[in-house]
Each structure stands twice: as structure tokens, then as C-alpha cells.
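Hi,

Here is the structure I promised to pass on.

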There are 2 protein chains.
Amino acid sequence: MSRTRPLTPELIAAAALEVGDREGAKAMSMRRIAAELGCDPMALYRHFADRDALLDAVADLALNDVPDPDPAAGWEDRLRHLAGGIRSAALAHPGIAAHIAGRPPLHGNGRRLALAMITALVDAGLSPTQAIRTAQALVAYLSAALAMAVRVGGDGRDERWHHVNRALSESAGQPVGDALPPTGSEEQFSYGLRLLLAGIRAEAHDGRPRQHGVTTAGGG
Amino acid sequence: MSRTRPLTPELIAAAALEVGDREGAKAMSMRRIAAELGCDPMALYRHFADRDALLDAVADLALNDVPDPDPAAGWEDRLRHLAGGIRSAALAHPGIAAHIAGRPPLHGNGRRLALAMITALVDAGLSPTQAIRTAQALVAYLSAALAMAVRVGGDGRDERWHHVNRALSESAGQPVGDALPPTGSEEQFSYGLRLLLAGIRAEAHDGRPRQHGVTTAGGG
DNA sequence: ACCTGAACACCGTTCAAGT
DNA sequence: ACCTGAACACCGTTCAAGT
């Protein structure tokens with residue numbers, strides 16, 4: 001296509017993302033991406049060490065759309081907005097969602113968002129060390145929850161998580177049926193996030209002079 | 001090797017797990033597994049619909065070693081033992097850990113362990129619906145945390161998560177350095193689990209007549 | 001010196017040919 | 001009827017040959 005411009009990492013990542021959005025995660029092959037750009041597959045290796053490095057860049061590009069949280073908002077709201085924004089990005093680019101997942105937020109947007117999380121956690125009252133550990137736990141949860149969400153909602157080909165709900169609810173002694181929000185839903189996602197936020201509140205109160213009670217005052 | 005026996009799903013899964021343990025996740029190809037068994041690659045398709053189905057069986061086999069928790073123990077200890085057991089299984093079979101991760105616990109050991117989780121959560125005071133939603137959140141956290149742990153500890157080839165700690169702690173304003181337990185460590189894993197357990201306690205108390213206080217009485 | 005593309009060593013899976 | 005393996009349509013990456 002754009003054989004005029006001189007082929008930057010950004011151009012390559014954008015082409016790869018488009019291929020992924022259009023044809024799914026495993027269509028993002030070096031050969032397929034090169035074809036999209038109208039260049040030799042080997043030309044990509046001049047800008048990325050290997051396929052893994054290229055996918056890092058694609059995952060980061062997909063996070064461009066996630067805004068920084070409003071600094072005036074409370075720490076819980078900021079974390080919720082970050083999580084929601086990352087969820088939206090993952091659902092907007094299901095092809096790359098699994099990669100957003102597993103990759104360490106070393107550069108660019110990943111780093112930006114991880115730092116925003118840590119800032120919010122420090123504001124919650126955690127020490128820097130606690131904040132980083134907590135951010136890692138949050139990233140872990142987000143990763144897998146979004147991978148599940150995309151699998152289920154993506155193109156409908158993986159309904160197996162729905163079966164889990166059904167099978168488990170039967171075995172649990174009570175037929176829960178449709179009362180249970182489907183795996184990958186916004187509601188299921190927020191539920192897990194709420195558990196973590198409650199845990200963070202507890203952690204924050206532990207290291208400080210005891211507040212007057214366990215409360216949800218800061219929450220939304 | 002064992003060309004005598006008639007090639008069951010179990011035999012195939014065992015051979016695949018051995019290949020994965022010995023040569024890593026991406027060595028578990030249909031062709032390589034067939035070679036290990038001394039049979040035609042196509043013979044595997046008589047027992048599994050496709051590679052994905054075979055890997056489901058391998059992931060489940062890897063969970064054979066995870067024991068049921070002591071039913072006499074408190075619900076928190078049971079959850080901790082389940083999480084610890086799954087962590088051990090993942091570290092014992094790093095080749096398959098990423099697959100233990102993403103797969104719905106529909107059958108066999110996955111289902112067994114998911115039910116044990118749900119039972120513990122119901123004993124914690126959650127409704128069946130809450131218990132299932134919480135179990136999904138726990139599975140999400142376990143998945144990604146173990147995938148990280150294996151990536152870092154596996155064969156040393158992915159140290160990037162360590163760099164995250166270093167980079168983030170610098171940016172967070174304070175050099176945290178070695179005070180921070182490494183990503184993938186037992187300590188980091190337990191920290192995230194602790195956050196979730198605290199969240200579960202809060203959730204359990206919400207729906208019921210208020211206990212006399214927030215306590216860790218049931219914990220270890 | 002830089003770039004290219006043929007070649008290497010693989011894949012998962014289909015399907016027609018063998019027993 | 002059952003099983004086999006050649007063949008199809010791909011991979012990521014190396015490396016020697018071209019400009």
C-alpha cells in the first residue's frame with residue numbers, strides 16, 4: 001500500500017494492528033504484515049528484532065486510546081477508569097488482546113498506564129513498594145479477565161466459558177441459571193475489580209493508624 | 001516408544017506433557033508428539049479434534065498433582081492451598097503453564113479444583129452466584145500470575161518483568177530496589193492472593209447480618 | 001554497505017489413496 | 001471400515017547472493 005514512505009516501526013505496528021483487527025490474532029504473521037505493507041518480510045527485521053518485539057509495539061499501539069485518568073478524581077475512580085479504558089482497548093482490538101495481556105509494561109503506553117496505577121495506589125495510602133506489588137496484581141487480573149472477555153465475545157467461537165458457568169452452577173447444588181452474568185461481561189469484570197479494590201482498601205488501612213471503621217466511603 | 005499399547009488420549013497427553021517439560025511449550029506440536037509416540041501425526045486426530053483439544057487434556061493432566069484441600073480446614077486455608085497447589089503444578093510444568101491459564105475448567109481436574117474453590121467460597125458466606133463469580137476472578141488472577149511466574153523463572157529467557165520493577169520503582173519517585181520481591185516469586189503471588197482474600201471477606205460480610213468485627217480468625 | 005528473496009526447518013490440517 | 005502419509009498452505013528466521 002504505502003510504498004512511498006520509508007517504513008518506520010510505527011507504520012509497521014499500525015499495519016499489523018489493522019491486519020489483527022481484520023483477520024484475527026494469528027493472521028499477524030511477519031509475512032502477512034509485510035504483504036499488507038507491500039514490502040519484503042525481511043524488511044521488518046530491520047526495525048524489530050523478532051516477531052515478539054513487533055507484537056510488543058502493536059500491543060502498545062492498541063493502548064494509545066486509553067486516556068490518563070482525571071488527576072482530580074479519587075484513587076478508586078482513577079483505577080476504575082484505567083481498568084475500564086484498558087478493557088475497552090482490548091475489546092476494540094480483540095486480535096491483540098491476548099498480547100496486551102502477557103507483556104510487561106516497559107515502554108510507551110504500558111508504562112504510562114502502569115505509572116498512573118501506581119500513583120493512584122500511593123494516593124490510596126500504600127507505600128511505593130506495596131503500590132508496585134499491587135499494580136502487578138492488578139495487571140495480572142486485568143490480563144486474564146480481558147483474555148477471557150475477548151475469547152468469549154470476540155467472534156463467538158469460544159463459548160466454553162459459558163459452559164463453565166452452567167456446569168459449575170449445577171454442581172454447586174443450586175441452579176443459578178441466568179442470574180449469573182456471563183463470563184467476559186462488564187459486570188463480571190467489575191466484580192473481580194471490586195474484590196481487588198476492597199483488598200487494597202484493607203491493605204491501605206493496615207499500615208496506618210486505624211480509621212474509625214471499615215467503610216466504602218471512598219468508593220463510587 | 002510404547003508402540004505396543006493401543007494409543008489412548010491419556011497416553012497421548014502424557015507424551016505431550018513430557019515433550020513440553022523437556023523442550024518447552026512450542027515443541028508440543030502434533031508432529032513432535034506423534035514422533036515421541038512413534039505414530040503417525042494423523043493418528044492423534046482420532047483421539048482429539050484438533051491441537052487445542054489435545055492441549056486441554058495436557059493442561060488437565062498437569063493438574064493431577066494438585067490435591068483436594070483438607071475439608072476440615074478453614075475456607076481461607078483451603079483457597080490458599082488450592083492456589084499454592086496450582087502454582088506448584090504450573091512451575092513443575094512450565095511448558096504448559098500458559099495453557100493451564102487460558103482454559104475453562106470444564107472437565108476433570110480443572111472442574112474438580114474449581115468446585116473446591118466454589119465450595120470454600122460458599123463456606124465463606126458467599127451466595128452460590130457470588131461464589132461462582134468470585135471463583136472466576138480467582139482463576140483470572142491465578143492464570144496471569146502463573147503465566148508471569150513461569151515466564152520469569154522458566155528458563156531465564158524473559159527477564160523483562162524484572163526490568164519493570166526497576167523502571168517503575170525509579171519513576172515512582174523512590175528507589176525501591178531489592179526490597180521489592182521479584183515478579184513471579186512466591187511472595188508476589190501471595191500478595192495478590194491476599195488482596196483478593198481480603199476482598200472476599202468484605203464481600204462475605206456485606207450480604208449478611210454484621211459480624212462483631214472484621215477479623216482474620218479463619219485464616220492461617 | 002545495504003537490501004532482498006531463496007532456502008531451511010518447521011507448522012496444523014485435509015484428503016485421497018492404500019490395506 | 002479403518003488407517004496412513006503425501007500434499008496444501010502456511011510459518012519465523014537464516015544467509016548467501018545481488019545491487
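This is a predicted model: local features need pLDDT of at least 70, side-chain atom pairs count only at pLDDT 80 or more; totals for chains, interfaces and linings use all residues.

**Around DNA strand C**

Both protein chains contribute to the surroundings of DNA strand C. From chain A you'll find A:Arg31, A:Asp40, A:Met42 and A:Arg46 there, and from chain B there are B:Ser29, B:Met30, B:Arg31, B:Met42, B:Tyr45, B:Asp50 and B:Arg51. Of the atoms of DNA strand C that come within 4 Å of the protein, 42% belong to sugar and phosphate.

On the phosphate side, a polar side-chain atom of B:Tyr45 sits 2.7 Å from a phosphate oxygen of DNA strand C. A:Asp40 reaches a base instead: one of its polar side-chain atoms is 3.2 Å from a base nitrogen of DNA strand C.

**The two domains of chain A**

Chain A splits into domain 1, residues 9-48, and domain 2, residues 68-206. Where they touch, domain 1 brings six residues and domain 2 brings four. Together the two domains of chain A bury about 360 Å², and carbon and sulfur atoms give 67% of that. If you want to know which residues of domain 1 to look at, go for A:Leu17, A:Asp21 and A:Met28: they supply 75% of the area that domain 1 buries against domain 2, more than any other three residues.

A:Asp56 is part of helix α3 of chain A, which covers residues 51-62. Its relative accessible area is 24%, so A:Asp56 counts as partly exposed. Its C-alpha atom is 7.9 Å from that of A:Ile100, although 44 residues separate the two along the chain.

Over in chain B, B:Arg78 belongs to helix α4, residues 75-92. Is B:Arg78 buried or exposed? It is buried, because its relative accessibility is 9%, and the cut-off for buried is under 20%. Leaving aside residues up to four places away in sequence, B:Arg78 touches B:Pro69, B:Asp70, B:Pro71, B:Ala73, B:Thr119, B:Ala120 and B:Asp123.

Definitions and conventions
Residues are numbered from 1 along each chain as its sequence is written. Chains are lettered from A and ligands numbered from 1 in the order in which they are written. Side-chain values use heavy atoms; hydrogens and water are left out. A residue is near a molecule or strand if one of its heavy atoms lies within 4 Å of it. A polar contact is a pair of N or O atoms within 3.5 Å; within protein, one must be able to donate a hydrogen and the other to accept it, and residues adjacent in sequence count only if both atoms are side-chain atoms. Helices (H or I, at least four residues) and strands (E, at least two) are DSSP runs, numbered from the N terminus. Buried means under 20% relative accessible area, exposed over 50%, partly exposed in between (1.4 Å probe, protein chains only). Domain bounds come from an automatic or database domain assignment. Contact means heavy atoms within 4.5 Å. Buried area is the accessible area (1.4 Å probe) that two parts lose on being put together, summed over both.
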